[in-house]
Amino acid sequence: MRSRAGYGIIAFTLLVAAVLAIVPNPLWLQWARPEWVALVILYWCMALPHRVGLLTAAVTGVFQDVLEGAPLGQHGLALLAVALLVALLYKRLRVFSLWQQSAMVFLIIGMHQLIDQWVQSLQGAAAGSLLFLLPALTSALVWPVVLHVLRALRRYYHMV
Amino acid sequence: MALAGLLVADLHFNSLGRTRALLNTLATPVFWVADIPREVDDWAGQHLRSRSALIRDAERLRRENLLLQGRAQQMASLQAENLRLRALLGSTALVRNDVQVAELIGVSPDPMRHLLVINKGGQDGVYIGQPLIDAEGLVGQVVEVAEYTARVLLITDPTHSTPVQINRNGVRAIAEGNGSLDALEVHHIPVTTDIEPGDLLVSSGMGGRFPVGYPVGVVTQVDRDPGQPFARILARPSAALDRSRHVLLVFVGAEAESTRETPADRSADPAGGPAGQDSG
């Protein structure tokens, strides 16, 4: 009973992240939008690795592709890489201090962006500059907020 | 592996069109939710305005209306004259295209992709390849159709090219997007061609996708390097691509006829009965 409610919460947070990912931004924020979906996947993979893993990441990614009109699998692959990295690193991530975690988030989201860009360049719409890495920085900056909100949710619903 | 296969299938074959349409329909509620902040903003803009601003607006609109009415009077006689002259010349009558207003409910979060989501879909007769315009010019074309929404590729997307001609002298060219919202590049124009900053580019109708004569952009910059075979030409899109909230879906010719079943909600079209729908 309780575990099923847990899955509902995870799905809900992913949905909220998807909405945040397509909410229109002012033009000057276009390049700096944090990768909300990747951040949420990252948190759940770290906190509940036995529940959220590669499959969740891949399915969520394909859903995000549909939302953004990207080639199916672009975000799927990128999120898969995030989930894979976190599956390897979650024990370390959990004991890191907040700023160390943020640094790791910067690297992981950076990888996410690189894969994203790589697939996009296959389609002929590659970014002309390194600006596409900016979301890695903003994601690292909002990570503490994401962490605290999701942790509060997880503790409130006793999800283990 | 499965994802890589999916990626290849989507990029290189068009086999996933139906699947995409279905998934898009499923994802529609997310667009609605994501659009709520803008709805609220719109509502506030409409309902929370000062009296003086409203009076000023009404005044301005009255003036504009008078002006347009004045022009419309001439319009009718000019159109009739135009038809007569065309009949004399023996060419087919150019009929005004049908349009339908659509509202924008989403923009692509990726700055390199210029995609919009509009609130009209297969239900409203939208079809793939359908052109869109706004008050000032050509906006783009429909690339994906779901049941209640459709995705639009803007003319400034790096993967989009628009056949254009210079309004002044009819020179044909191709205008390509380059990834920035306020610029188009016109490629393969020889350095000796008569093209100047300020020239209006209109759609040429070549390729049969866009109807003839909609403004596409204004040439802003012409670099002629004698060492290069082609001039480097930049244009600014006429349409307010980053601002307009409402766009017009243009129904062109026979394709529109075959996909539209509900003629009731189309805008009034005095010139074109069923007899003369061969526009475009």
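Analyst: Contact means heavy atoms within 4.5 Å. This is a predicted model, in which local features need pLDDT of at least 70, side-chain atom pairs count only at pLDDT 80 or more, and totals for chains, interfaces and linings use all residues. Residues are numbered from 1 along each chain as its sequence is written, chains are lettered from A and ligands numbered from 1 in the order in which they are written, and side-chain values use heavy atoms, with hydrogens and water left out.

User: How many residues of chain A are in contact with chain B?

Analyst: The contact joins two sets of residues, and chain B contributes 28 of them. On the side of chain A, the number is 33.

User: What area is buried between chain A and chain B?

Analyst: Buried area is the accessible area (1.4 Å probe) that two parts lose on being put together, summed over both. Carbon and sulfur atoms give 72% of the area between chain A and chain B. The total is about 2,700 Å².

User: How are helix 3 of chain A and helix 2 of chain B oriented to each other?

Analyst: Helices (H or I, at least four residues) and strands (E, at least two) are DSSP runs, numbered from the N terminus. Axes are lines fitted to C-alpha atoms, for helices over the stretch in contact, and angles run from 0 to 180 degrees between N-to-C directions. Helix 3 (residues 54-68) of chain A and helix 2 (residues 17-47) of chain B have axes 9 Å apart, at an angle of about 85°. Angles under 35 degrees count as roughly parallel, over 145 as roughly antiparallel, 65 to 115 as roughly perpendicular and the rest as oblique, so helix 3 of chain A and helix 2 of chain B are roughly perpendicular.

User: Which residues of helix 3 of chain A make this contact with helix 2 of chain B?

Analyst: Helix 2 of chain B supplies B:R20, B:L23, B:N24, B:A27, B:V30 and B:F31. From helix 3 of chain A come A:F63, A:D65, A:V66 and A:L67.

User: Why are helix 2 and helix 5 of chain A described as oblique to each other?

Analyst: The axes of helix 2 (residues 36-47) of chain A and helix 5 (residues 98-122) of chain A come within 11 Å. They cross at roughly 120°, and these two helices of chain A are therefore oblique.

User: Where does A:H158 lie?

Analyst: Most residues other than glycine have a negative phi. A:H158 is not a glycine, yet its phi is positive, about 50°. Its place is the segment after helix 6 (134-156) of chain A.

User: In which strand does B:H188 lie?

Analyst: B:H188 is also a residue other than glycine with a positive phi, near 60°. This residue belongs to chain B, in strand 8 (residues 184-190).
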